Structure formats: structure tokens, C-alpha cells
Amino acid sequence: MPTAEPDRATATVTATATATATATAEHASATAEHAPTAEGPLTEELLAAWTALLHRCGAAVDPEPYGRELLRRWSEPQRRYHTAAHLRAVLRHVDELAGHAADPEAVRLAAWFHDAVYRPDRTENEERSAALAVRALTAAGLPAERVAEVERLVLLTVGHDPAPGDRNGEVLCDADLAVLGGTPEAYAAYAAAVREEYGFVPAPDFTAGRAAVLRRLLALPALYRTLAARERLTAPARANLTAELRELAP
């Protein structure tokens, strides 16, 4: 969630359907972007970007094998919006905002891992993704200080609430939330993908939870932290959220 996160998702596999709908809608609003796309050019594009990034960061091993493992994770069948297309979108937004970051490479690494572990029926995905980042980047020989920063950034996506002056966190969170400020058509596709991801939640319960999250988002003083994202995305994001809320109203 953006800026002052009201609550972290609290649903569990055994929670009531309404609680599950609320939690999943919160998480989806923060991170969803695109439905899965076919492998091929996208995979190769991302693999090349990963390999170049790890080389720039001083990896002591060949990055390609683990890059393929990461892309396998991002292509798992349970995903509808936490996909390789979403990863690419977040990386592109990070590139656009990179001038604001204190360590753009750490932000890029965090983008790669921020949803590397993803199960829609669980609430510990960020913690498991952060732990995966620590294991993988340590094994690749990256400096401990940068590995720790990547871990911190991945965990920050639990609430998308970076502290004032956390320039790396602001860039990652704004990049992850950029989907909210897309075109109406792109936003509609995102919202549909969110619903598909959580198809196991009954429609009335999901609608109630989703509407509550949209109202909470609209009540926030700011959706974005970086100046560039704030100026470019705030107005369309608020329009999209308002339109979806109207559609959900009984």
C-alpha cells in the first residue's frame, strides 16, 4: 500500500472469506500489473537485464542460471498479475525514477525479488522473497551491505510505507504502485487480473474487501513519494480508483 499503510494483510488460509478478500485486495492494489504473457522475447529480455545487473554489481558467479530460476518463479501457473510482465513494468518504472534513488542497483535487485515467492493464499510472501534474495545474492558474491539493503527493500513492500528520506524505498514503492496510475484500459485489465488471481474468494466477500481498500487508498494524503511519480501518476490513479469504486457500489 502507498505511504501511510493502514494495515498489513492479515488473512490466512483458514481465515474467513471476507478477511481473505480484504487482505488480497490490499496486496493486489499495491503490486498488481499485468496478466501472464508468453515466454520467449520477454524472457530473453529480462534474462539479459538480470545478467547485466549482476555483472555491474560484481557477481562472482555466472548470473544466467539463477536468472532462469528467477524467471521460472515469475512464470508459475498460479500467477495472474505477479508475472514476468509485472516484473518488467516495475523495472522500467525503476529506471524512470532511478535518479531519485541513493542506490539504483539495489532497487533493481529488490524489484527482481520483491514477488519472487508468491502464493495468493499466503501472507508471508514478502518475508520468503526477502530470504530468497539474501541466499541468492550472498551465493553470487555480492557485498553484504548491498544484500542487506535489498532484503530491507523487499520487506518494505509489505506495507509500501518508506520512511521520509528513504530514497531507495520511495523509488521501489512508487514503481510497484505505478499500475494504479495507468490508462483506464490498463487499469481495468489489472483489476480483472486481481479478481482472477483470487477467484477462490466468493464475489460478495471480495467486492466488500476490495471496496474497503479502494476507499482507504483514496483517503491517503499521497499515493506516491517521488516528485516525478506524484506529478505524473496521482491524478490518473485517483480517477481509476474512484471509477472502480463506483463500479463496485451496490
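R79 and E76 form a salt bridge (a side-chain nitrogen of Lys or Arg within 4 Å of a carboxyl oxygen of Asp or Glu), with 3.4 Å between the closest N and O atoms. R79 and E76 are both buried, that is, under 20% relative accessible area, where over 50% counts as exposed and the range in between as partly exposed (1.4 Å probe, protein chains only). The model is predicted: local features need pLDDT of at least 70 and side-chain atom pairs pLDDT 80 or more, while totals for chains, interfaces and linings use all residues. Residues are numbered from 1 along each chain as its sequence is written, and side-chain values use heavy atoms, without hydrogens and water.

The count of salt bridges comes to 18. One of them joins the side chains of E45 and R92, at 3.5 Å from N to O. This pair links distant parts of the chain, since E45 lies in helix α2 (residues 41-56) and R92 in helix α4 (residues 84-97), 47 residues apart; helices here are DSSP runs (H or I, at least four residues), numbered from the N terminus, and strands are runs of E of at least two. Both partners are partly exposed: the relative accessible area is 35% for E45 and 44% for R92. A further salt bridge, 3.1 Å from N to O, is formed by R119 and D121. R119 is partly exposed, at 31% relative accessible area, and D121 is likewise partly exposed, at 26%.

D176 presents another case. This residue sits in helix α8 (residues 167-177) and is buried, yet it has no salt bridge. The nearest side chain of opposite charge belongs to R79, 10 Å away; in this count Lys and Arg are positive and Asp and Glu negative, with His and the chain ends not counted. The side chain of D176 does make a polar contact of 3.4 Å with that of H86. Such a contact is a pair of N or O atoms within 3.5 Å; within protein, one must be able to donate a hydrogen and the other to accept it, and residues adjacent in sequence count only if both atoms are side-chain atoms.

Helix α5 (residues 104-113) has nine of its 10 residues buried, so it is largely enclosed by the rest of the structure.

Beyond its neighbours within four places in sequence, L142 is in contact (heavy atoms within 4.5 Å) with L54, C57, A59, L109, L137 and V147.

C57 is buried at 6% relative accessible area, and C173 is buried at 1%. The count of disulfides (cysteine sulfur atoms within 2.5 Å) is zero.

H160, in the loop between α7 and α8, has a positive phi near 50° although it is not a glycine. Most residues other than glycine have a negative phi. H160 is buried, at 1% relative accessibility.
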